[in-house]
Amino acid sequence: MIIKHYQQVHDDLIDHLIRSAPLSRGEAARVVQDVLAYFDETTPAFVRRRHRELQAGGLVNDEIFDRIARELAHRAVAPPELTRRQLRRIVYG
(Lines give C-alpha, C1' and ligand atoms only; values in the text may rest on other atoms or scores of the structure.)
Protein backbone atom coordinates (compact mmCIF):
# COMPACT_ATOMS: atom_id res chain seq x y z
CA MET A 1 0.00 0.00 0.00
CA ILE A 2 1.37 3.45 -0.95
CA ILE A 3 0.51 5.14 2.35
CA LYS A 4 2.39 2.38 4.24
CA HIS A 5 5.47 3.07 2.07
CA TYR A 6 5.33 6.82 2.83
CA GLN A 7 4.93 6.05 6.53
CA GLN A 8 8.08 3.94 6.53
CA VAL A 9 10.17 6.39 4.50
CA HIS A 10 8.98 9.57 6.24
CA ASP A 11 8.26 8.43 9.80
CA ASP A 12 10.07 11.43 11.31
CA LEU A 13 8.03 13.90 9.27
CA ILE A 14 4.79 12.05 10.03
CA ASP A 15 5.65 12.08 13.75
CA HIS A 16 6.31 15.83 13.56
CA LEU A 17 2.94 16.44 11.89
CA ILE A 18 1.15 14.38 14.54
CA ARG A 19 2.80 16.45 17.28
CA SER A 20 2.17 19.82 15.60
CA ALA A 21 -1.33 19.33 14.16
CA PRO A 22 -4.49 17.49 15.19
CA LEU A 23 -3.90 14.64 12.72
CA SER A 24 -4.02 10.88 13.09
CA ARG A 25 -1.07 8.86 11.79
CA GLY A 26 -3.03 7.94 8.64
CA GLU A 27 -4.04 11.56 8.01
CA ALA A 28 -0.45 12.76 8.49
CA ALA A 29 0.79 10.10 6.07
CA ARG A 30 -1.80 11.24 3.53
CA VAL A 31 -0.64 14.87 3.90
CA VAL A 32 2.96 13.79 3.26
CA GLN A 33 1.84 11.77 0.23
CA ASP A 34 -0.13 14.72 -1.18
CA VAL A 35 2.71 17.20 -0.68
CA LEU A 36 5.26 14.88 -2.30
CA ALA A 37 2.92 14.29 -5.25
CA TYR A 38 2.43 18.07 -5.63
CA PHE A 39 6.18 18.68 -5.80
CA ASP A 40 6.70 15.68 -8.09
CA GLU A 41 4.52 17.25 -10.80
CA THR A 42 6.54 17.92 -13.96
CA THR A 43 6.70 21.40 -15.45
CA PRO A 44 4.57 20.46 -18.49
CA ALA A 45 1.95 18.80 -16.23
CA PHE A 46 1.90 21.88 -13.97
CA VAL A 47 1.52 24.24 -16.97
CA ARG A 48 -1.34 22.18 -18.46
CA ARG A 49 -3.14 21.87 -15.11
CA ARG A 50 -2.83 25.56 -14.26
CA HIS A 51 -3.93 26.54 -17.78
CA ARG A 52 -7.11 24.47 -17.40
CA GLU A 53 -7.78 25.90 -13.91
CA LEU A 54 -7.20 29.52 -14.91
CA GLN A 55 -9.14 29.16 -18.16
CA ALA A 56 -12.05 27.71 -16.18
CA GLY A 57 -11.77 30.78 -13.94
CA GLY A 58 -12.42 33.03 -16.94
CA LEU A 59 -8.92 34.29 -17.72
CA VAL A 60 -7.68 34.65 -21.30
CA ASN A 61 -4.45 33.13 -22.59
CA ASP A 62 -2.28 36.27 -22.33
CA GLU A 63 -3.24 36.63 -18.66
CA ILE A 64 -2.93 32.89 -18.08
CA PHE A 65 0.55 32.54 -19.56
CA ASP A 66 1.85 35.61 -17.71
CA ARG A 67 0.52 34.23 -14.44
CA ILE A 68 1.89 30.72 -15.05
CA ALA A 69 5.32 32.19 -15.84
CA ARG A 70 5.28 34.06 -12.51
CA GLU A 71 4.10 30.96 -10.61
CA LEU A 72 6.80 28.73 -12.12
CA ALA A 73 9.50 30.93 -10.58
CA HIS A 74 8.16 30.04 -7.12
CA ARG A 75 8.05 26.26 -7.49
CA ALA A 76 10.25 24.27 -5.08
CA VAL A 77 12.61 23.48 -7.95
CA ALA A 78 11.97 26.27 -10.42
CA PRO A 79 12.45 25.35 -14.08
CA PRO A 80 14.27 27.70 -16.44
CA GLU A 81 12.23 30.76 -17.37
CA LEU A 82 9.77 29.92 -20.17
CA THR A 83 8.45 32.37 -22.75
CA ARG A 84 4.76 32.71 -23.59
CA ARG A 85 5.45 30.79 -26.79
CA GLN A 86 7.06 27.91 -24.90
CA LEU A 87 4.15 27.80 -22.46
CA ARG A 88 1.65 27.86 -25.34
CA ARG A 89 3.49 24.94 -27.00
CA ILE A 90 3.27 22.90 -23.78
CA VAL A 91 -0.50 23.43 -23.68
CA TYR A 92 -1.34 23.19 -27.36
CA GLY A 93 1.56 21.14 -28.76
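Predicted model: local features only at pLDDT ≥ 70, side-chain atom pairs only at ≥ 80, totals over all residues.
Trainee: Which residues make up H5 and H6, and at what angle do they cross?

Mentor: Helix H5 covers residues 61–72 and helix H6 covers residues 84–92, and their axes come within 10 Å and cross at roughly 105°.

Trainee: How are H5 and H6 oriented to each other, then?

Mentor: Angles from 65 to 115 degrees count as roughly perpendicular, and H5 and H6 are therefore roughly perpendicular to each other.

Trainee: Which residues of H5 and H6 meet?

Mentor: From H5 the residues are Asn61, Asp62, Phe65, Asp66, Ile68, Ala69 and Leu72, and from H6 they are Arg84, Leu87, Arg88, Val91 and Tyr92. The residues of this contact of H5 with H6 divide into seven nonpolar, one polar and four charged.

Trainee: Changing topic, where is the place of Arg48?

Mentor: Arg48 sits in helix H4, which spans residues 43–56. Leaving aside neighbours within four places in sequence, Arg48 is in contact with Ile90 and Val91, and Val91 is also one of the H6 residues that meet H5.

Trainee: What lies 3.2 Å from a polar atom of the Arg48 side chain?

Mentor: That is the backbone oxygen of Ile90.

Trainee: And how far is Arg48 from Ile68, going by C-alpha atoms?

Mentor: Their C-alpha atoms are separated by 9.7 Å, while the two residues are 20 residues apart along the chain.

Trainee: Is Arg48 buried, exposed or partly exposed, and why?

Mentor: Arg48 counts as partly exposed because its relative accessibility is 38%, and that class lies between the cut-offs of 20% and 50%.

Trainee: What about Arg50, buried or exposed?

Mentor: Arg50 is in helix H4 as well, and with a relative accessible area of 12% it is buried, since buried means under 20%.

Trainee: Which residues does Arg50 contact, leaving aside neighbours within four places in sequence?

Mentor: With those neighbours left aside, Arg50 is in contact with Arg67, Ile68 and Glu71, and Ile68 is among the H5 residues that meet H6. The side chain of Arg50 also makes a polar contact with the side chain of Glu53, at 2.6 Å.

Notes: Residues numbered from 1 in each chain as written. Heavy atoms only, no water. Axes fitted to C-alpha atoms, helices over the stretch in contact; angles between N-to-C directions. Helix = DSSP H or I, 4+ residues; strand = E, 2+ residues; numbered from the N terminus. Parallel < 35°, antiparallel > 145°, perpendicular 65-115°, else oblique. Contact = heavy atoms within 4.5 Å. Nonpolar A, V, L, I, M, F, W, Y, C, P; charged D, E, K, R; others polar. Buried < 20%, exposed > 50% of the residue type's maximum accessible area, 1.4 Å probe, protein only. Polar contact = N/O pair within 3.5 Å; in protein donor to acceptor, adjacent residues only side chain to side chain.
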